[in-house]
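Hi,

Here is the structure I promised to pass on. Have a look at it first, then read my notes below.

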Amino acid sequence: MSAGVHGGFARTTTDDDRLDRSVDRLTGLAVREELLRRGPQLLGQAGGHGPAAVLVLDLDDFKVLNDSAGHHVGDAVLAAVGARLRRTVGPEDLVVRLGGDEFAVVTAPLRHRDDAAGLAAALIAAVGQPLEVDELRLGVGVSVGIAVHDEDGGTVEELLRAADQAMYAAKAAGTGQWRASTPEALRSTGVTRRLLDDLRAGRAAAQLVLHYQPQVDLETGDVVGFEALARWDHPELGLLPPRHFIPLAERSGLMAPLGAAVLDRALGDLPRLQEHAPGARLSINVTPRHILGTGLVDDLTSRVHAHGASPEDVVLEITEPLTRTSPETTATFEELSRRGFGISIRGFGTARSSLTVLWSNPAVREVKVDPSIVAAIAEDGGAEATAGRRRTARLVRALASAARGLGIRVVAEGAEDPSSFALLHELGCEVVQGFAVSQPVAVDEVVRWCRARQAEPVPG
């Protein structure tokens, strides 16, 4: 009996070697080679019965989960996700594990293109159900991209590329989202390939430009820090913000040289910054998977010392808090703390933040109240808006009290109205950052800004 895969289930076969090649051992799903082998047949069968579609699925922040909770937990999650995908699709659909935490579905003929969107939503809901592994209750998000046969591509390879591009757009929109391929997305595929080629050639690291946004003490008016924000000055595409290249670099395993270039450039500028703002610290944005990478602490230490700086000068900002720790990540945080580095948690006060992060990670030195919360405090309006503002103010006061009780500095990020400074200070925020202070600017401009405002009080 020959081997085959139907709806992602492996049929019994007497050809063990072929079974091993066509089925992923961990999930029981078909492998990429099986998709490329059977895909053209499936697309051809659709024909006049309606369009087929290819969906590409990628788990959100799986690398962080895998590194923090352990690979055995990650494997259990992948196996569970595979089972949920099989249960959600139709009997004629093919489910494939492309590799790592990426999956694909090739649908049977659809009555309408919109049916693919319904399937994507069902898959997101199924994967997102809470999962228990080793007494851990885990939430798993997934991003889905959709490409429809003939509209978005004529071959399996073309549809995979289009769906993958749409999946990038879904990830940019936030966890648990789906996006369909569009003509604009297909045109941007060429741009993405160009950026990827430039990343692989190391051009991005050489073309990085850093802008700095000051952080000001609300009580003294002193400049106490600068957040370094990377831009890619692409010779053809212009100045690109991080969202246009950081996700691509992460997904392609090319973040290490970019991260090193940002750190070296910022440390090189630090003496000039501290000349005009003595004692100011440098905040560097890093991703959670960078924090969890091997050799991070030693690499940071050697680079800091090579520039004649001190670890106490550097704060590492993570965009999303690590919701749990493992012995490995705890050891990383403890070693960062021992050497003098600090961790700043952005988006504090949102649903994804956890107070437990503060007392479980000794290196956490700072929290940044989410800009949406800071904006809500500054809003004016009718009675309903005023009531919401009061609730938000109570939330900030409680969070700031908890953080300050642990000796952690509280920064109000995204402040756009100087009139809110007094209230933010009264609620327990010690430092403010945002356009009300200064927009991010190049090092020469931020030096001029420091000179112009020396001895000036913070507006309030």
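**What I found**

Is I284 buried or exposed? I284 is buried, because its relative accessible area is 4%, and the cut-off for buried is under 20%. Leaving aside residues up to four places away in sequence, I284 touches A228, V262, L263, A266, V315, L316 and E317. Take E317 from that list: I284 and E317 are 33 residues apart in sequence, yet their C-alpha atoms are 5.8 Å apart in space.

Before you go further, keep in mind that this is a predicted model.

Now for the whole chain. You'll find 18 helices and 19 strands in it. Of its 460 residues, 52% are buried. If you take contacts between residues at least 6 apart in sequence, 69% of them join residues at least 24 apart.

Helix α4 (residues 71–88) and helix α5 (residues 114–128) have axes that come within 9 Å and cross at roughly 140°. That angle is why α4 counts as oblique to α5. The crossing of the two helices is right-handed. On the α4 side, the contact is made by V81, R84, L85 and T88, and on the α5 side by L119, A122, L123, A126 and V127. Sorted by class, that contact has seven nonpolar residues, one polar and one charged.

Cheers

Conventions: Residues are numbered from 1 along each chain as its sequence is written. This is a predicted model: local features need pLDDT of at least 70, side-chain atom pairs count only at pLDDT 80 or more; totals for chains, interfaces and linings use all residues. Side-chain values use heavy atoms; hydrogens and water are left out. Axes are lines fitted to C-alpha atoms, for helices over the stretch in contact, and angles run from 0 to 180 degrees between N-to-C directions. Helices (H or I, at least four residues) and strands (E, at least two) are DSSP runs, numbered from the N terminus. Angles under 35 degrees count as roughly parallel, over 145 as roughly antiparallel, 65 to 115 as roughly perpendicular and the rest as oblique. A crossing is left-handed if the near helix is turned anticlockwise from the far one by less than a right angle, and right-handed if clockwise. Contact means heavy atoms within 4.5 Å. Ala, Val, Leu, Ile, Met, Phe, Trp, Tyr, Cys and Pro count as nonpolar, Asp, Glu, Lys and Arg as charged, and the others, Gly among them, as polar. Buried means under 20% relative accessible area, exposed over 50%, partly exposed in between (1.4 Å probe, protein chains only).
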